[in-house]
Amino acid sequence: MSATRIFVPLDAAARSVGADATARAIAEEARRRKLDIEVVRNGSRGMLWLEPMVEVEVGGARHAYGPVHPSSVPSLFDAAFHTAAADGAKRHALAHGPTEEIAYLKRQQRLTFARVGITDPRSVADYVAHGGYRGLKAALAMQPGAIVDSVTASGLRGRGGAAFPAGIKWKTVLGAPGSQKYVVCNADEGDSGTFSDRMLMEGDPFVLIEGMTIAALATGADRGYIYLRFEYPDAKRALEAAIAAARAAHYLGENIQGSGRRFELEVRMGAGAYICGEETSLLESLEGKRGQVRFKPPLPAIAGLFGKPTVINNVITFASVPIILDRGADFYKNFGMGRSRGTLPMQLAGNVKHGGLVEVAFGMTLRELIYDFGGGSDSGRPVRAVQVGGPLGAYLPESQFDTPLDYEAFANIKGMLGHGGVVLFDDTVDMAAQARYAMEFCAIESCGKCTPCRIGSVRGVEVIDRLRAGENAAAQEVLLRDLCETMLYGSLCAMGGLTPYPVLSALNHFPEDFVKPKSARASA
Amino acid sequence: MSNPSPRRVIPLKLEPSSALSAAERKAVLEACDRGRALPGGLLPILHAVQEALGFVPADAIPLIAHELNLSRAEVHGVVSFYHYFRTERGGRHVVHVCRAEACQARGAVALEAHAKRSLGIDFHGTSADGAITLEPVYCLGNCALGPALLIDDELQGRVSAQRFDELMAPLRSQGRHP
């Protein structure tokens, strides 16, 4: 009889709350009890409040327990959790039953994250056994133009935040003249409240590699870079191991699966600059320069990395491509609403009871996400504001929670879905402080190339300080709104151009917080 | 010997002089040699220098510029643009405290204050015992389990003030980091 497999995530978030110690404790306890158990380090299922979440595989089905800390490991073995079927195991305080039946997972539509948490992220064989590389196989039998058409027909839009149709970008690169073209993955996931790129790179790195390889075939590129932020050391290890494994199995390198096609892939590390998530700034950084934003045009698709035609997309965009090639554009397109097709991996973060990754088709409302999945705030207090789309996204009050998750619907309320991050704040939040932080963040992270962003953000902090102190408040508010307009329309890129979103949404929806310092108000 | 020219060759020392120690100079040159062939290799080179030495010494900048045929201004511009690169020697460990919104919603502002107070330093400073350099960071991707820290390259979640002290204690008592 083969060993019982017990899964303990290797995901950085799971490790941050003790998954390594849990994995060691399980292995040691199994040895002590002379049980034949294999501990597999998988990706996270994305139910982060249950981490470290341990799964036991029995008869092909997995049973979840969590959060499991080393101190509860002996009691789990006492309850025979490694058999999962035992009554004691089912009744254990940490038992959650079959993983796939947990409502949080069952209600999701996992397309891009189909394998995350299921496979061993270091095994090509496991990836292939779970449907991996079928998209590449299909692409290898297609003409480049047909691959591009398939991506266009799927309706896939850039998942990094700007939501530009991926197929159109690819078509431009395919049509651009030149013998040297590049595929660049933007893995500089800097938005607070987002971790889907990280989870995917750590939990299923091969799907990103496959997606980038398909992009190379579609556009005639033979070299790719993954630009990864230094803040993600675990993702770096996972990607480098996966690239080496893919190369050894001839999914990367000189002659991909005997097709005669070549694609080389390399990970490059960022160095702590939020602006490098902006695509032209990222390209500058990859070229070994200061990460300053470029003027557009020319578009990177025409003159990108080292001046060559370049496909540059976010991690989730590339990772969504294999399933489109495997199952067809229509399959993917049938998910979603309006012009937002397919699924978006949303991330529930901040003061949330059930934080984690929720991949659903576009169209669900923010309220369903916050309460049905998230369970409201972790503190138990009322949810007062939700920031969607990272530090450049608007703060939404309760009255806007019925907005559907759809790019256009969010644009209509002067917000943005961005990269799908949703950060909850309870009623202790000081929205004037959050508005100030938005300006402060812009001042710290501005690349400095354009004046509205570089200077406007510094002045923004000062104006908000005076406003909060009640110094001639009415005039300060006029000044702040005027400054925001200048930044909105005068900035070179989204950094300065969208910083007014969190500032103005806080001011418009929570004006009471700007009246005077919150401490003074509380004591009044 | 095949050159019949009678001209006397005066050896010019083109390499900039610097106060780098022999070991530091060796590390910088090795990083340059490994990164030279990479297109856009300056960032990988700076990462390699910082990994080897813990920082990018100001005196390394002219040497890197010389090796890569760049101007000092170009190299300085890159080093100073990125928050991660430091030009001062840091502590034995670097602790990055997340300041971003999702961690704020879970108490990051209080944690930041506690970290500064308990270590007796502000951001970018190093504790008096030389153990810990404190740096701000804007998102570690642990946004559902905040407040988050990165200790060297180990991520930590749900860090309360008490947990922070527990995590710092072994770093402050142990000897040099390998």
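Let's start in chain B, with two helices. In α1(B), the residues B:E24, B:A27, B:V28, B:A31, B:C32, B:R34 and B:G35 meet B:P44, B:I45, B:A48, B:V49, B:A52 and B:L53 of α2(B). Helices are DSSP runs of H or I with at least four residues, strands are runs of E with at least two, and both are numbered from the N terminus.

What classes of residue make up the contact of α1(B) with α2(B)? There are 10 nonpolar, one polar and two charged. Nonpolar covers Ala, Val, Leu, Ile, Met, Phe, Trp, Tyr, Cys and Pro; charged covers Asp, Glu, Lys and Arg; the others, Gly among them, are polar.

A word on the model. It is predicted: local features need pLDDT of at least 70, side-chain atom pairs count only at pLDDT 80 or more, and totals for chains, interfaces and linings use all residues. Residues are numbered from 1 along each chain as its sequence is written, while chains are lettered from A and ligands numbered from 1 in the order in which they are written.

Back to the helix pair. Helix α1 of chain B spans residues 22–35, and helix α2 of chain B spans residues 42–53. They pack at an angle of about 150°, with their axes 9 Å apart. The axes are lines fitted to C-alpha atoms, for helices over the stretch in contact, and angles run from 0 to 180 degrees between N-to-C directions. At that angle, α1(B) is roughly antiparallel to α2(B). The cut-offs: under 35 degrees is roughly parallel, over 145 roughly antiparallel, 65 to 115 roughly perpendicular, and the rest oblique. The crossing of α1(B) past α2(B) is right-handed.

Now chain B as a whole. It holds seven helices and four strands. From the N terminus, the order is α-α-α-α-β-α-α-β-β-β-α. Its radius of gyration is 21 Å, whereas a compact globule of 178 residues would have one near 16 Å. That radius is taken over C-alpha atoms, and the globule rule is 2.2 Å times the number of residues to the power 0.38. The C-alpha atoms of chain B fill a box of roughly 75 × 30 × 25 Å along the principal axes.

On to chain A. Here we have 23 helices and 16 strands. Its radius of gyration is 24 Å, which agrees with the value near 24 Å for a compact globule of 524 residues.

How is chain A divided into domains? Domain 1 covers 4–106, domain 2 124–333, domain 3 336–426 and domain 4 431–523. These bounds come from an automatic or database domain assignment. The C-alpha centres of domain 3 and domain 4 of chain A lie 23 Å apart. Between them, 11 residues of domain 3 of chain A are in contact with 13 residues of domain 4 of chain A. On the domain 3 side, β15(A) gives the largest share, three residues.

Last, the two chains together. How many residues does each chain bring to the contact? Chain A gives 47, and chain B gives 35. Elements of chain A that each supply at least two residues include α12 (233–248) and β12 (343–350). The chain A side divides into 22 nonpolar, 15 polar and 10 charged residues.

How values were computed: Contact = placed C-beta atoms within 7 Å. Left-handed = near helix turned anticlockwise from the far one by under 90°.
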